[in-house]
Amino acid sequence: MYLMIRSKKILTNAHHRRSIAASLVQGVYILERDRQENRQSANALAPPWWEFFNFQLVHVLVDPDDLSFFGSIYELRLPHSSCNYLAQTPPKYVVAFRGTITKPGSSSQDLKLDLQFMKNKLQHSSRFHLGLQAVQNIVSKGGGENIWLAGHSLGSAIALLVGRNMVKLGYHLEKYLFNPSFASLPFEKIKNEKLKHGARIAVSVITAGLAAAVKLNSQKPHQDDEFRVLSAWIPYLFVNPSDPICSEYIGYFTHREKMMTIAGGKIGRIAAQNSIASIISTARGNKSEACHLLPSAYVTTNLGPCQDFKQAHGIHQWWRPDLRLEYKLHQYR
């Protein structure tokens with residue numbers, strides 16, 4: 001009974017929902033470390049990360065290239081009748097994806113996928129296809145209303161790709177992206193605000209110009225329609241300004257709002273939907289989509305001090321109760 005009451009409280013509180021999603025992602029990290037160090041049964045360290053919240057591990061996603069564990073499917077073990085009075089429906093399933101592990105055992109494949117992400121080619125990876133298939137299987141059995149997607153770093157990129165594809169199929173899954181990777185020049189590192197804003201404007205103009213040069217504008221109605229469809233889906237992003245891997249999301253949304261006031265917003269709309277890398281790839285005959293570019297998002301920023309990159313990028317920061325957070329909703333119109 002205690003576990004049941006605790007789980008109900010956790011799943012109706014925003015802080016606790018964030019904490020539980022981060023903890024389930026951490027469970028995937030520890031699950032992979034258990035595999036690498038051959039910790040089994042009573043010696044395994046991963047189970048408490050989901051059992052504490054009354055979840056059960058029902059399936060592990062395995063990378064066929066290196067046999068590493070990169071994702072998990074959890075099922076909440078609460079009777080449906082006990083959830084009737086909850087203010088917000090809890091998930092029946094959570095599909096979580098870990099990020100890069102730099103220690104030997106899976107680092108080679110993880111770093112290879114990091115590079116694929118930078119080239120806008122993560123959609124060709126087996127991890128994405130396995131993740132998408134797993135989510136589609138769950139949705140086919142019970143719909144998409146009670147499914148969460150969660151990921152950290154590289155895992156956020158995979159979860160984001162899966163989520164985008166499910167939106168195109170008509171399913172808006174609740175999504176928690178921790179320190180999501182953003183493929184861009186590190187504009188947020190520029191301290192001078194005028195210089196930073198000017199640099200972003202220049203890149204936006206170049207991006208829009210390149211898009212026109214390779215005739216991506218001929219696809220503009222389709223792109224606008226797709227972006228508009230995606231705009232109704234609002235994933236939760238959790239970013240840290242001291243983390244160069246995800247901090248560009250802060251500038252991306254802020255700059256996009258400013259660009260919508262220039263030239264009737266046309267340059268801003270084109271730049272918001274394209275990256276220079278995706279344009280060049282398309283120009284070479286390889287259709288490429290900048291999947292990290294989002295129409296809408298609910299962005300939570302950790303404004304607390306960080307001692308180093310490890311702390312700023314770590315998943316562990318997101319279950320702390322003493323965070324100094326800033327919240328902002330960004331919607332594409």
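This is a predicted model: local features need pLDDT of at least 70, side-chain atom pairs count only at pLDDT 80 or more; totals for chains, interfaces and linings use all residues.
Trainee: What makes strand S4 largely enclosed by the rest of the structure?

Mentor: Six of the six residues of S4, which spans residues 147-152, are buried, so the strand is largely enclosed. Both faces are covered: Ile-147, Leu-149 and Gly-151 are buried on one side, and Trp-148, Ala-150 and His-152 are buried on the other.

Trainee: What joins S4 to strand S5?

Mentor: Five bridges join S4 to S5 (residues 174-178), and these two strands run parallel. The bridge partner of Ala-150 in S5 is Tyr-176. With helix H6, S4 and S5 make a right-handed β-α-β unit.

Trainee: Which residues have the most contacts inside the largest nonpolar core?

Mentor: Val-162 and Tyr-249 do, in a core of 45 residues. Helix H6 (residues 154-168) gives the most to this core, with nine residues. Leaving out residues up to four places away in sequence, Val-162 touches Phe-97, Phe-128, Gly-131, Leu-132, Val-135 and Leu-149. A second, separate core has 28 residues, including Ala-21, Ala-22, Leu-78 and Val-94.

Trainee: Why is Tyr-249 called buried?

Mentor: The cut-off is under 20% relative accessible area. Tyr-249 has 0% relative accessibility, so it counts as buried.

Trainee: How many aromatic pairs are there in the whole structure?

Mentor: A search finds 16. One of them is formed by Phe-178 and Phe-238.

Trainee: Why is the pair of Phe-178 and Phe-238 called stacked?

Mentor: Ring centres must lie within 6.5 Å for a pair, and planes under 30 degrees apart count as stacked. For Phe-178 and Phe-238 the values are 4.8 Å centre to centre and 20° between the planes, so both conditions hold. The pair links distant parts of the chain: Phe-178 is in strand S5 and Phe-238 in strand S6 (residues 236-239), 60 residues apart. Phe-178 counts as buried because its relative accessibility is 0%, and Phe-238 does so at 4%.

Trainee: What makes Tyr-249 and Phe-253 a stacked pair?

Mentor: The centres are 6.3 Å apart and the angle between the planes is 25°. The limits are 6.5 Å and 30 degrees, so the pair is stacked. Both residues lie in helix H9 (residues 248-259), four residues apart, about one turn of the helix. Phe-253 is buried, with a relative accessible area of 1%.

Trainee: Which residues form one aromatic cluster?

Mentor: Trp-148, Tyr-176, Phe-178, Tyr-236, Phe-238, Tyr-298, Trp-318 and Tyr-327 form it.

Trainee: How do you know that the charged end of Arg-35 sits over the ring of Phe-69?

Mentor: The distance to the ring centre is 5.8 Å, and the limit is 6 Å. There is also an angle condition, within 35 degrees of the ring normal; the charged end of Arg-35 is assigned as sitting over the ring.

Trainee: Are Asn-38 and Ser-41 buried or exposed?

Mentor: Exposed means over 50%. Asn-38 has 55% relative accessibility, so it counts as exposed, and Ser-41 counts as exposed at 70%.

Trainee: Where do Asn-38 and Ser-41 lie?

Mentor: Asn-38 is in the loop between helix H2 (14-36) and helix H3 (48-51), and Ser-41 lies in the loop between H2 and H3. Phi of Asn-38 is near 55°, a positive value in a residue other than glycine. Ser-41, not a glycine either, has a positive phi of about 50°.

Definitions and conventions: Residues are numbered from 1 along each chain as its sequence is written. Side-chain values use heavy atoms; hydrogens and water are left out. A nonpolar core is a set of buried Ala, Val, Leu, Ile, Met, Phe, Trp, Tyr and Cys residues joined through side-chain atoms within 4.5 Å. Buried means under 20% relative accessible area, exposed over 50%, partly exposed in between (1.4 Å probe, protein chains only). Contact means heavy atoms within 4.5 Å. Two strands pair if DSSP finds at least two bridges between them. A crossover is right-handed if, with the strands pointing away from the viewer, the path from the first strand over the helix to the second runs clockwise. Rings of Phe, Tyr and Trp (its six-membered ring) pair if their centres lie within 6.5 Å; planes under 30 degrees apart count as stacked, over 60 as edge-to-face and the rest as tilted.
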